[in-house]
Amino acid sequence: MGNFVDIENETVTVRVAGPYDVVTGMTVNKELDVALLQKGCSRVIFDFKDTTYTDSSVNHQMKKIRNTVGKDNFFIINPSGRVLKALQTAKLDKVFNISY
């Protein structure tokens with residue numbers, strides 16, 4: 001669909017290669033809004049396979065999206081390195097559905 005969001009059926013997958021910061025998050029938010037509000041998607045996957053860094057704005061964004069779609073429709077996959085450390089530091093590894 002866009003630079004960071006792919007849609008397949010009712011599932012939106014967010015993929016960011018490189019650093020995922022507040023500036024990137026603004027574009028992701030716009031793309032997610034289209035997917036969720038206009039395309040009727042109800043399931044969101046954040047795939048961090050190629051993401052090298054996240055800041056606290058990404059944590060906030062993920063919490064917001066999870067609250068929108070519900071905990072059973074929100075998933076994080078492939079976090080490693082600094083991304084995994086950021087999730088663990090914020091204790092989000094205890095809150096989100098994460099597949100390593």
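N9 is exposed, with 70% relative accessible area, where exposed means over 50%, buried under 20% and partly exposed in between (1.4 Å probe, protein chains only). This is a predicted model, in which local features need pLDDT of at least 70, side-chain atom pairs count only at pLDDT 80 or more, and totals for chains, interfaces and linings use all residues. Residues are numbered from 1 along each chain as its sequence is written, and side-chain values use heavy atoms, leaving out hydrogens and water.

Welcome! Here are some places to look.

**Two loop asparagines**
- N9 sits in the loop between β1 (5-8) and β2 (11-15); strands (E, at least two residues) and helices (H or I, at least four) are DSSP runs, numbered from the N terminus.
- The phi of N9 is near 60°, a positive value in a residue other than glycine.
- N78 belongs to the loop between β6 (74-77) and α3 (81-89), and its phi is also a positive value near 60°.
- With a relative accessible area of 30%, N78 is partly exposed.

**How α1 and α2 meet**
- Helix α1 (residues 22-38) and helix α2 (residues 56-69) have axes that come within 10 Å and cross at roughly 10°; axes are lines fitted to C-alpha atoms, for helices over the stretch in contact, and angles run from 0 to 180 degrees between N-to-C directions.
- On the α1 side, the contact is made by V22, G25, V28, N29, L32 and L36, and on the α2 side by S57, Q61, I65 and V69; contact means heavy atoms within 4.5 Å.
- These contact residues divide into 6 nonpolar, 4 polar and no charged. Here Ala, Val, Leu, Ile, Met, Phe, Trp, Tyr, Cys and Pro count as nonpolar, Asp, Glu, Lys and Arg as charged, and the others, Gly among them, as polar.

**Q61 in α2**
- Q61 lies in helix α2 and counts as buried, at 4% relative accessibility.
- Its side chain makes a polar contact with the side chain of Y20 (2.4 Å); this term means a pair of N or O atoms within 3.5 Å, where, within protein, one must be able to donate a hydrogen and the other to accept it, and residues adjacent in sequence count only if both atoms are side-chain atoms.
- Leaving aside neighbours within four places in sequence, Q61 is in contact with Y20, G25, V28, N29 and F46.

**L32 in α1**
- L32 has its place in helix α1 and is buried, at 0% relative accessibility.
- Beyond its neighbours within four places in sequence, L32 is in contact with V5, V12, V14, V44, F46 and I65.
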